[in-house]
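Here is a friendly walk through one protein chain, feature by feature. Keep the viewer open and follow along.

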Amino acid sequence: MAREDVNSVNPNELTLAEARDALKAKRISARELTQAHLDAMAKARALNAYLLETPDRALAMADASDRKIASGAGRPLEGIPLGIKDLFCTQGVTTTAGSKILQNFEPHYESAVSANLWRDGAVMLGKLNLDEFAMGSSNETSAFGNVVSPWRRKGSDAPLVPGGSSGGSAAAVAARLCLGATATDTGGSIRQPAAFTGTVGIKPTYGRCSRWGTVAFASSLDQAGPIARTVRDCAILLGSMAGSDARDTTCADLAVPDFEAAVSRGVKGLTIGIPKEYRVDGMPAEIQKLWDEGAAWLKAAGATIKEISLPHTSYALPAYYIVAPAEASSNLARYDGVRYGLRVPGKDIAGMYENTRAAGFGREVKRRIMIGTYVLSAGYYDAYYVRAQKIRTLIKRDFETAYANGVDAILTPATPSAAFGIGEKASADPVEMYLNDVFTVTVNMAGLPGIAVPAGLDGQGLPLGLQLIGRPFDEETLFAVAQVIEDSAGRTALPEPWWA
């Protein structure tokens, strides 16, 4: 077929929206686009972003997409190559959740989210690395090695973390190894790695995307969402990922809006809240400056800026680290070596349980199981778990009060710092690592949507992000506000491929 020379534009430099339009116009084929990403993946294995590459399946899916496009029956994501976080079950393709205990697990079913993507014509490039069972903020707890960020500090070759748990997803998008990626967010695991890597990540409202077929960490907090290079790309992906699902009773039976159309709405007439409680002690001057700039950009675009109070914010992190481990200890009880996954024999059934779980789980997962089991035990359930759930209700009420008083969205920093070095925090007090979630966990505790948008670089040349928090099931407003920030800050240039 006649078309422009595909080599005139590097396919890996295209945004998802640009690639979609190029495919529709037949300026590039799905096979060419997919092969370009497979080639980039092969050169970037030093990043350890992919746990499993699926080139044969990817090319077969791309060929099917080319046939669809040729017949005029192209679907919303036809021929778009994506990475899938290895927490989403993929039929016939190994799904590990980053853990040795599921090292050879091959599901016989497809997660609701990935099935929705294949329904809309997307192409699977492979399965992306993550913190084990999504427990971590740096992608250093994966049983299969940490992911290396494609970013480096100015004048330094020291490897940096990409954030977690969706570090593989964020690194792959930033390194141009896919046009977008699925991710999950339990306490910030989409927004924090997006902020660390100069990408965009949205955690939708709890219940917007089905959790069916996604390996569970904390069932009342987990939510799937996309990481991509632009606000528009995230809107396109979420439109396919979201949707009602009778198999997940917590999934909302709501129509999926046209998220992409909302991107260009602007912010005139909107009120943006600035919560005073997020001005934490010791906040770096660069973070404060970025936050102030973000507010100024939105004001210049026609929004009203209003200081608000979310008085129970300081309790969110300790309450989260009671609720999340408690649910994790319950969810992970199923990994016992009996039905699937790793089995390490013992002298009896109890011995097999002990040996399997001791060998199969990593240190951070064991720590959280033990914390969770402790707070759920008979003598401590009321003192810890019940009290944490009461605090969760108060946190949710804080947001409800703000929105009832006319606030349309809330602007905060996404992270307390830029990306840190591999090993800098993992070997220290684990509480220091947990503090990375200080700006993000409130969103999960209240079940709200939140988006991280790149907004600049720190003094060492590393990305910094801003976070927007919205009303329940009002992702459309978040996309509109996020686009104004993206336009005002300018899109963050992706790092040069030192790894290739």
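## Aromatic rings

Rings of Phe, Tyr and Trp, the last taken by its six-membered ring, count as a pair if their centres lie within 6.5 Å. In this predicted model, Phe105, Phe133, Tyr335, Tyr340 and Phe361 form one aromatic cluster. How many aromatic pairs does a search of the whole structure find? The search finds 16 aromatic pairs. One of them joins Tyr320 and Tyr321 in an edge-to-face arrangement, 4.8 Å from centre to centre with 85° between the planes. Both Tyr320 and Tyr321 are buried.

Another pair to look at is Tyr374 with Tyr384: the ring centres are 6.0 Å apart and the planes meet at 50°, so this pair is tilted. The pair links distant parts of the chain, with Tyr374 in helix 12 and Tyr384 in helix 13, ten residues apart.

## Helix 13

Helix 13 covers residues 381-404, 24 residues in all. From the first C-alpha to the last it reaches 33 Å, close to the 34 Å expected at 1.5 Å a residue. After the helix comes Gly406, which has a positive phi near 95°.

Which residues of helix 13 are buried? They are Tyr385, Ala388, Ile391, Arg392, Ile395, Asp398, Phe399, Ala402 and Tyr403. As a reminder, an α-helix has 3.6 residues a turn, so residues three or four places apart point the same way. The buried residues of helix 13 are covered by elements that include strand 8 (304-308), helix 10 (316-331), helix 12 (363-376), strand 9 (409-413), helix 15 (441-446) and strand 11 (463-470).

## Helix 4

Helix 4 spans residues 112-119, and six of its eight residues are buried, so the helix is largely enclosed by the rest of the structure. The buried ones are Ala112, Val113, Ser114, Asn116, Leu117 and Trp118. They pack against helix 3 (55-70), strand 2 (81-85), strand 3 (123-128), strand 4 (180-185), strand 6 (223-228) and helix 7 (231-241).

Ala115 also belongs to helix 4, but this residue counts as partly exposed, with 29% relative accessibility. Just after helix 4, Gly121 takes a positive phi of about 95°.

Some backbone details are worth a look here. Most residues other than glycine have a negative phi, and most peptide bonds are trans. Which peptide bond is cis, with omega near 0°? That is the bond from Gly164 to Ser165. Ser165 lies in the loop between strand 3 and helix 5 (167-174).

Phe133, a member of the aromatic cluster, is found in this loop between strand 3 and helix 5. Its phi is positive, near 50°, although Phe133 is not a glycine. Phe133 is buried, with a relative accessible area of 1%. Asn139 sits in the loop between strand 3 and helix 5 too. Asn139 has a positive phi of about 65° without being a glycine, and at a relative accessible area of 0% Asn139 is buried.

Rolling a probe the size of a water molecule over the atoms shows where empty space is left. The structure holds one cavity of 30 Å³ or more; the largest cavity has a volume of about 70 Å³. Its lining has 14 residues, with Gly136, Ser137, Ser189, Tyr320 and Asp437 nearest the centre. By type, the lining of this cavity divides into five nonpolar, seven polar and two charged residues.

The largest pocket holds about 400 Å³ of space. Which residues lie nearest its centre? They are Gly213, Thr214, Val215, Ala216 and Arg334, among 22 residues that line the pocket. The lining of the largest pocket comprises eleven nonpolar, six polar and five charged residues.

Conventions:
Residues numbered from 1 in each chain as written. Predicted model: local features only at pLDDT ≥ 70, side-chain atom pairs only at ≥ 80, totals over all residues. Heavy atoms only, no water. Helix = DSSP H or I, 4+ residues; strand = E, 2+ residues; numbered from the N terminus. Expected span 1.5 Å × (residues − 1). Buried < 20%, exposed > 50% of the residue type's maximum accessible area, 1.4 Å probe, protein only. Contact = heavy atoms within 4.5 Å. 1 Å grid on protein atoms, 1.4 Å probe; cavity = no way out; pocket = protein on both sides within 12 Å on 5 of 7 lines; lining within 4 Å. Points joined across faces, edges and corners; volume = space filled by probe spheres on them. Nonpolar A, V, L, I, M, F, W, Y, C, P; charged D, E, K, R; others polar. Phe/Tyr/Trp six-rings, centres within 6.5 Å; stacked < 30°, edge-to-face > 60°.
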